[in-house]
Amino acid sequence: MSWIKEYVRTIPDYPHEGIMFRDVTTIFESDEAYPRMINEFVDHFKDKKIDKVAGIEARGFILGGAIAHMLGVGFITVRKQGKLPRDTHREEYTLEYGQDALEIHLDAINEGDNILIVDDLIATGGTAVAALNLIKKAGGQVSDTCFIIDLPELMGSKILRDMGCDVFTLAEYEGL
Ligand code: AMP
């Protein structure tokens with residue numbers, strides 16, 4: 001079992017009945033687990049050609065900012081709609097109930113830059129694929145993505161791999 005599972009708190013039936021919410025704030029709060037986890041991500045990516053890190057609001061910021069710092073590269077914010085002040089690309093995606101949208105600044109990425117996408121968890125992949133589409137619209141490419149947790153039965157990690165991206169995760173859980 002991955003050491004990190006000891007630090008993940010599971011809340012059944014949150015935010016809806018039948019969902020096992022994997023709360024990673026318990027990792028972020030730990031003096032041991034948070035830096036150890038960041039070091040594991042950085043070890044995996046340090047010899048790859050990563051030009052920038054893109055974090056998905058909000059937990060992806062807490063991971064991605066630290067990873068970008070350690071890799072010595074800049075950080076791009078992928079935000080929920082309406083939060084970014086300059087002109088943006090926008091990508092809608094489907095949630096369990098209804099639609100949501102992510103945005104990125106039009107000029108956030110240099111043409112051809114290889115961007116590492118970071119978020120806390122991959123489930124259906126809707127959020128990560130929206131981020132990937134935004135990065136491509138802005139002129140970037142994505143060879144790699146990483147998440148603390150994969151829920152493989154929801155197929156998001158497979159979808160990303162089928163789209164040509166590597167997916168690096170630290171732990172897997174069965175079910176929703
Ligand atoms: P998806 O777009 O289906 O891959 O969902 C991924 C996003 O939803 C991530 O930003 C997660 O933070 C959140 N999420 C989805 N399912 C869970 C879960 N079981 N526990 C915690 N967060 C989740």
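A polar contact is a pair of N or O atoms within 3.5 Å. The model is predicted. The ligand sits in the largest pocket, and 14 residues surround the ligand.

- The side chain of Thr127 places an N or O atom 2.6 Å from an oxygen atom of the ligand.
- For the side chain of Asp120, the distance from an N or O atom to an oxygen atom of the ligand is 2.8 Å.
- The protein buries 81% of the 490 Å² that the ligand exposes when taken alone.

**Shell around the ligand**
- The closest residues are Arg59, Asp120, Thr124, Gly125 and Thr127.
- At least two shell residues come from each of strand E2 (20–23), strand E7 (114–122) and helix H4 (126–137).
- E7 gives the largest share, with four residues.
- By residue class, the shell has six nonpolar, four polar and four charged members.

**Salt bridges**
- Side chains of opposite charge can pair when their charged atoms come close.
- The model has 13 salt bridges.
- One of these joins Asp144 and Lys48, with 2.9 Å between the closest N and O atoms.
- This pair links distant parts of the chain, 96 residues apart.
- Asp144 belongs to strand E8 (residues 141–150), while Lys48 is in the loop between helix H2 (33–45) and strand E3 (52–56).

Methods. Residues numbered from 1 in each chain as written. Predicted model: local features only at pLDDT ≥ 70, side-chain atom pairs only at ≥ 80, totals over all residues. Heavy atoms only, no water. Near = heavy atom within 4 Å. Polar contact = N/O pair within 3.5 Å; in protein donor to acceptor, adjacent residues only side chain to side chain. Areas by Shrake-Rupley, 256 points an atom, 1.4 Å probe, with all protein chains shown as cover. 1 Å grid on protein atoms, 1.4 Å probe; cavity = no way out; pocket = protein on both sides within 12 Å on 5 of 7 lines; lining within 4 Å. Sits in = over half its atoms within 2 Å of the grid points. Nonpolar A, V, L, I, M, F, W, Y, C, P; charged D, E, K, R; others polar. Salt bridge = Lys/Arg side-chain N within 4 Å of Asp/Glu carboxyl O.
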